[in-house]
Amino acid sequence: MSSKAPVAATSPPAPVVDAVPQELLSRFRVVKREFLKEHAAWAVLLEHAATGAQLVSIEAPSAGGGDEKVFGIAFPTEPSDSTGVAHILEHSVLCGSERYPCKEPFAELLRSSQQTFLNAMTYPDRTVYPVASLNEQDFRNLVGVYLDAVFRPRLSPWTLMQEGWRLEPSEEDKSRFKLSGVVYSEMKGVYSSADSLHAMACGQALFPGQSYGVSSGGDPAAIPSLSYADFVGFHRRNYQPSKARLFFWGDDDVAERLRVVDEYLTLGNIHDEEAHANGAGDPLPSGWKDPQSLTSWWPPGGARTGEATAYSPASPSDVVDEASAAAAAAAAPWTEPRTIRVEYPAAVSAEDDAGADAAADVASAAAEAAGEDSSGHFVTVCWALPDGGVGPGDADYVSDADRLGLQLVSALLLGTRTAPLHKALVDSAMGTAVTGGGLATHLRQGVFEAGLKGVWPAAVGAGPEDDQDAAVQAAVQSLVMDTLAATAAAGFDADHVEAELNTLEFAVREFGAGGTPKGLSLFLGAAGSWIYGRDPIDEMKFEDALAELRGRVEADAKGYLSGLMQRFLLDNKHRVTVHSAPSRTLSARLNSAEEAGVASVVSGMTPEDQAVAAEAAAALSRRQATPDTEQALASVPVLTRDALRRDAVIVPREERLLSLGDAGRCQLLAHALPGTNGIAHVAVSLDLGARLPAHLVQWLPLFAQLLTTTGSATRDDVQMSHRIGAATGGVSASAHASPVPGRRDVARLSLTVGGKALNHRVGDLAAIMQELLLTAPLAARQDLLRSQVRESVAATESALLSAGHRHAMSVLGATLSFPGELAHVMGGLPQLRFLRQLRARLESKDAAVAAAAAAEAQEVMEAIRGMALAAAASDAAAPGGADSGALATVVAGEDAAAAAGDAVCAVLRALAEQAPAAGLPGSGAASPSGVVGVGHSVSASLSPMAAMGLAGGFAEAEAAAAAGEGPRRVAVLVPTSVSYVCEAGIGFASPGEGVLTEGPEAGGAPLAAPAESHVASSLLSLGHLWDSVRVQGNAYGAGAAVDAVGGSVSFWSYRDPRIGGTLRDYATSSTWLRAGTGGSDPDAVDRATISAVGGMDKPASPSDKGSQSTSRWLLGITDEQVQARRDAVLGASPQSAADLADAIDQARSGTDGSGHVCVVTGKDIARAEGIIGADGKAAPGWQVVDAFKGERA
Ligand SMILES: [Zn+2]
């Protein structure tokens, strides 16, 4: 088989698959083999002869060892109802299989493998299981465990009860039952987010009555309809070897790929279902029945019966929210467009939640006028695009070039703030932010969506006596349709088309250099089309389609692009306008419907059945609390420490101190790295800390946004956007507060402006950065200022609802360190409050108020610009300390790094030369008064939170602790039915002392926490916290983290049904770390070490490597110290667990025996947990903040 003929120098060598022994290869049919020039790799498509399963084997070129190997397997899993069966199965197959009979092989792999990616995802039409590792043996272990899991899982009723749903006695009142389960909790969180609900409604509305018309993630109201028989049956039908689509990428042994795939496909989807149904070794309580027989009375559609129901798949982590969908069998095209109205649960504010009546269902005009309550209407226009067929013979075939052309049209319409449809939507001022995002192509049929959120009837001109629903719907729909028609008639600007074509080309060429492992991106990108019969290898190519697209655009841009818009959007009647209206009573109605549903189920059960259900829940809890046997655990293969690489990855870095002439000096960090794909990244970082008054910190994020979006002195925002698109891969600006080793009371506060470009365009990139920094009009463009503030408010609110744990950690971070306080002011609740107030003033009906706000914004923006220029003119930044100054960074290939360095230093020189002439505040020496941060100790009067009139800053917390007051306990109320529970304190240094426990003299890095604490926190997160908070407590996620620089220890949970119980689990962490089941078990520490090293070795893109190197440099960490920290991790012993236990005790040594606590939760839960008392007031010791009012209760 092996082709031994010599190959010409220009041809690639023959694929390795040719050399696989005939006996093994003959078990497959080679369907196709092709050298992919896009990825410099052979791709071979094989079909397993005995089963018909398909395998794509990609022989990626080796870059000299340690390359990432990727495996994935996909099954088509189209649900027929909203019970979430596909999603629950995705969780469940990873809970033990024939060959790996422990409780959670998935968790064991997280605990003990070197995986660089390990996950599973449920899409509306498929389930995918990808893994990746750098270590070949580890990779084979992962592949074996995953193949056994998907084909031969132990799907017992215990699995469904744990991962799906169960009835269990309530903790507070044992005579009452409640619903619980991991996916049940996860989806309650998803169904709490207005953005997710609206996206799901859009996905479902296009495909009623089809598999994309139901919730693949699971509607919490329908999940309890899932029976054990349906659960197992779904697996038996869909996880057949014949339906499997398998994928390999990397430089691993190709023959071994075929061998292991053949082995598992031949074993097939065969297992002892009867034994599983009886509990898989853990017998069920006698009298146990399939829940179906207990809940067949469950209302069809669940507790949401009677509500508008157009909800569908879910958003976060493992449930892939396409905000869109397409039918499994292509949907029959519509002859008329449709509209649909649904409701979502809006925030309930303090004054109207007592006795909300029908009138309160629509948010009050008073709240609207105050601009305080941001829940408005969502209206999105959605199209289903043709199926596209599998080949040119199909009637609705869409060519590869046209598919790319649709991406181009989508980017032209919506891709930038100046794109015509995006701009029309924002400029209309009818809503707060654009929804939809244009084209999505992840499912069988493409979908196009665009609309607005935060729409108020008054903003579309509807009065109280008008039909407000009809008015908001019609206003947004007309705006979208009219803009499309006008744009198609006029065509796009030539320079706009060139800019977006360049951006598209940049994106496809950067593919794989941008962060996500390339093999993983290829697998996830191809899997969707593959299950519908498209050629998976064709899906990985782009060069020919790109060339064809460019040719068509060059021949007749208007004819071609307007033609696509006409065919796929304007003439396409498969269109629905989805309207999600806020309801202030829906949340309460859903909760009481669920309670009533459970009560009616339970009252319909015989006392015997109730007792059996209670006993099953108790037995599950005992089973979860019982560790696996040694034998079961030993089935999961584990590497030894010897297999771990000793050498730390050191990113090569050249440091140069360059003179800027009279204007001081500039520090340049240049990283010449392989794998940049001809792309250079450059940035300038300007230290503002020594100049910026405390009360201006809150303005920095807005400054960064306006800097890149308002144009320049010679180009308006539209022209500048086109110039950026045509010449670069993007320009961005951001503000950061970073820590200074050994000092929790100072911070480095910097503004970073940077971008990426092809090597030969880096001069253009630098010129753009300079033009923006020196001449961007910023707040002088008042129209852009107002729309930016509106969008920022909406984005910050969405983040608060979808990532509550991050906001809770932000609240705690502000208490624990000064950098944390700055970060909180720039990204947490204080930022939201600031933006809302600014928006209210800018949009005030009182013209004088609006004018004053605009004038203030302009003055502040120019002052910040002056400080940035002054930073460029001051001395160069220095490592490890807190000196103010300028820093330039470069990441590029070896041939391009020097030129990129020259270009970026020229930017700093130009800035520095302008600084003295500018005559702006801060252009002279750093002013000692009103100064924050760097190099200065901070007092409460200089706290940016104090300057905003807010309590809870670092200095205040330190003073409170010194006065013997208890730790802070804060509850942030948002409209949600799950909680995010965080606790934190300083564990590795005494407050205020800034102790270096591990100084450079000791051979370690100048950080507060020892490197081994990383192993111990991983052990705790994947051990005790996984078992107690996730498995038993049903939170979707939980963990512990150590901040190496600041020395804090923190706990977090995500989408958690509990608060008090979770805090109790945190409290037992140090005991667990010292006990036999935890850190004192040397084997457990060994496994945690392997997992921690896997985490440290995750492959990074060149630009990520450059960022990591830069932050190490800023922290003053030398290469020797990086190696010393790796050595310490590799040598971690049970002592490191004991040390973390001590640190946790220190962190939790507040006067009430806890750390600082912050929970983000819903009002009803806060009441049930006793955080809000019966009198409606905060319980003693708690502060309650209503995030949607911004006021303290
Ligand atoms: Zn999930």
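Leaving aside residues up to four places away in sequence, Gly-52 touches Glu-47, Ser-242 and Arg-245, where contact means heavy atoms within 4.5 Å. Gly-52 sits in the loop between strand 2 (41-48) and strand 3 (54-59); helices (H or I, at least four residues) and strands (E, at least two) are DSSP runs, numbered from the N terminus. Arg-29 is 23 residues from Gly-52 in sequence, with 9.4 Å between their C-alpha atoms. With a relative accessibility of 23%, Gly-52 counts as partly exposed. Here buried means under 20% relative accessible area, exposed over 50%, and partly exposed in between (1.4 Å probe, protein chains only).

Please keep in mind that this is a predicted model, in which local features need pLDDT of at least 70 and side-chain atom pairs count only at pLDDT 80 or more, while totals for chains, interfaces and linings use all residues. Residues are numbered from 1 along each chain as its sequence is written, and side-chain values use heavy atoms, with hydrogens and water left out.

Most residues other than glycine have a negative phi.

Which residues of helix 3 are buried? They are Pro-105, Phe-106, Ala-107, Glu-108, Leu-109, Leu-110, Arg-111 and Ser-112. Because 8 of the 8 residues of helix 3 (residues 105-112) are buried, this helix is largely enclosed by the rest of the structure. Its buried residues pack against strand 5 (117-118), helix 4 (136-151), helix 21 (630-634), helix 33 (1013-1032) and helix 36 (1082-1096).

Now to a pair of packed helices. Helix 25 (residues 782-802) and helix 28 (residues 829-842) meet at an angle of about 145 degrees, and their axes are 9 Å apart. Axes are lines fitted to C-alpha atoms, for helices over the stretch in contact, and angles run from 0 to 180 degrees between N-to-C directions. On the helix 25 side, the contact includes Leu-785, Val-789, Val-793 and Leu-800; on the helix 28 side, Leu-832, Leu-835 and Arg-839 are among the residues involved. The contact residues divide into 9 nonpolar, 2 polar and 5 charged. In this count Ala, Val, Leu, Ile, Met, Phe, Trp, Tyr, Cys and Pro are nonpolar, Asp, Glu, Lys and Arg are charged, and the others, Gly among them, are polar.

A nonpolar core is a set of buried Ala, Val, Leu, Ile, Met, Phe, Trp, Tyr and Cys residues joined through side-chain atoms within 4.5 Å. The largest one has 107 residues, of which Leu-686, Leu-692, Trp-699, Met-861, Val-890 and Leu-908 touch the most other members. Helix 29 (residues 847-873) gives the largest share of this core, 12 residues. Since domain 3 (654-933) and domain 4 (966-1104 + 1118-1186) both give residues to this core, it lies between them; the domain bounds come from an automatic or database domain assignment. Another core, of 80 residues, lies apart from it and includes Ala-120, Val-131, Phe-139 and Leu-142.

Finally, the whole protein. It holds 40 helices and 28 strands, and buried residues make up 59% of its 1193 residues. Among contacts between residues at least 6 apart in sequence, 80% join residues at least 24 apart.
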